[in-house]
Amino acid sequence: MDSRFSASIIFEMAKSTKSKKRAVPLDALEAQLQDQLAFLERSIAAFDEGYDDEFKRLAVTLRVLLHDTSRSHSLLKQINMKDGDFFAYSSPISGTNLLPDWPLAIVRIGSDGIKLLPTLDKAVTSRRSLSFDDWWSEKVYRDPAAEISLDRKTIVLAVANKDGGAHVDPEIDEGYAHLVNSGAGLVAITAEGEVLLDDLEKVSLRHIAFEALMSIKPAAAKRLGNRGCECGSGLKHRYCCGKKRMPLPTFP
Ligand SMILES: [Zn+2]
């Protein structure tokens, strides 16, 4: 095909899709919620299996679910689910600590060496309930020597928008770059020599994804279960195809 011709077709298609906008029905948005939560769980599972680059896709999914700007609304906002509690499982940062503070990660010393792991529900402090805005903008990394502190939002957006999540940017947030390069600021002395504990940005994202999932999933499950069933029976999904069925007895 003539390349000028194909380019003009693409241009026409772009124009026609732009002019036809309509509101997405609520059940379609709820189906999107189901998809995005499934993405989150699948990326978490892949991360935990050792594919730690999956932290980039975790960031993109979190952005779709949570991030509002003046021009675009997050999925959670569109279906009015942002007013619920958001759970912080990490300890709050001390503003007076002289050493770097990174409560989203813990150090594990195992037979395979020493490494950083996401804190998840292993923090010494108990879970805190926050509003979404307080959770999203809470500082979760602080390096007093470099005068840098980062909140959950900055870390998620730096990865999603700049560091290869949905986009690779030639410039990167200075604070996020510090998190990647200096990280926990910990060097372990092992039999093999000095080992820098790195990947703090990855395990931090994994922890944020855990918190988001624990915050959103119960309400989402309730809401999705109350939908009319997609099979068209007229029953609520949770009393129809979403019903947990007893396993059938097996006969030899
Ligand atoms: Zn059904």
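User: Which helices and strands each supply at least two residues of the lining of the largest pocket?

Analyst: The model is a predicted one. In this model the largest pocket has a volume of about 320 Å³. The elements that each supply at least two residues of its lining are helix 2 (26-48), strand 3 (113-118), strand 8 (193-196) and helix 8.

User: Which element gives the most to the lining of the largest pocket?

Analyst: The lining has 18 residues, and those closest to the centre of the pocket include Lys-115, Leu-116 and Leu-117. With five residues, the element that gives the most is strand 3.

User: How many residues of the lining of the largest pocket are charged?

Analyst: Among the residues closest to the centre of the pocket are Asp-52 and Lys-115. In the lining, 10 residues are nonpolar and one is polar. The number of charged residues is seven.

User: Are helix 6 and helix 8 roughly parallel or roughly perpendicular to each other?

Analyst: Helix 6 (residues 152-162) and helix 8 (residues 200-225) pack with their axes 11 Å apart, at an angle of about 115°. Angles of 65 to 115 degrees count as roughly perpendicular. The two helices, helix 6 and helix 8, are therefore roughly perpendicular.

User: Which residues of helix 8 make the contact with helix 6?

Analyst: On the side of helix 6, the contact is made by Arg-152, Ile-155, Val-156 and Val-159. The residues of this contact divide into five nonpolar, no polar and two charged. From helix 8 the contact residues are Leu-205, Ile-208 and Glu-211.

Note on methods:
Residues numbered from 1 in each chain as written. Predicted model: local features only at pLDDT ≥ 70, side-chain atom pairs only at ≥ 80, totals over all residues. Heavy atoms only, no water. Axes fitted to C-alpha atoms, helices over the stretch in contact; angles between N-to-C directions. Helix = DSSP H or I, 4+ residues; strand = E, 2+ residues; numbered from the N terminus. Parallel < 35°, antiparallel > 145°, perpendicular 65-115°, else oblique. Contact = heavy atoms within 4.5 Å. Nonpolar A, V, L, I, M, F, W, Y, C, P; charged D, E, K, R; others polar. 1 Å grid on protein atoms, 1.4 Å probe; cavity = no way out; pocket = protein on both sides within 12 Å on 5 of 7 lines; lining within 4 Å. Points joined across faces, edges and corners; volume = space filled by probe spheres on them.
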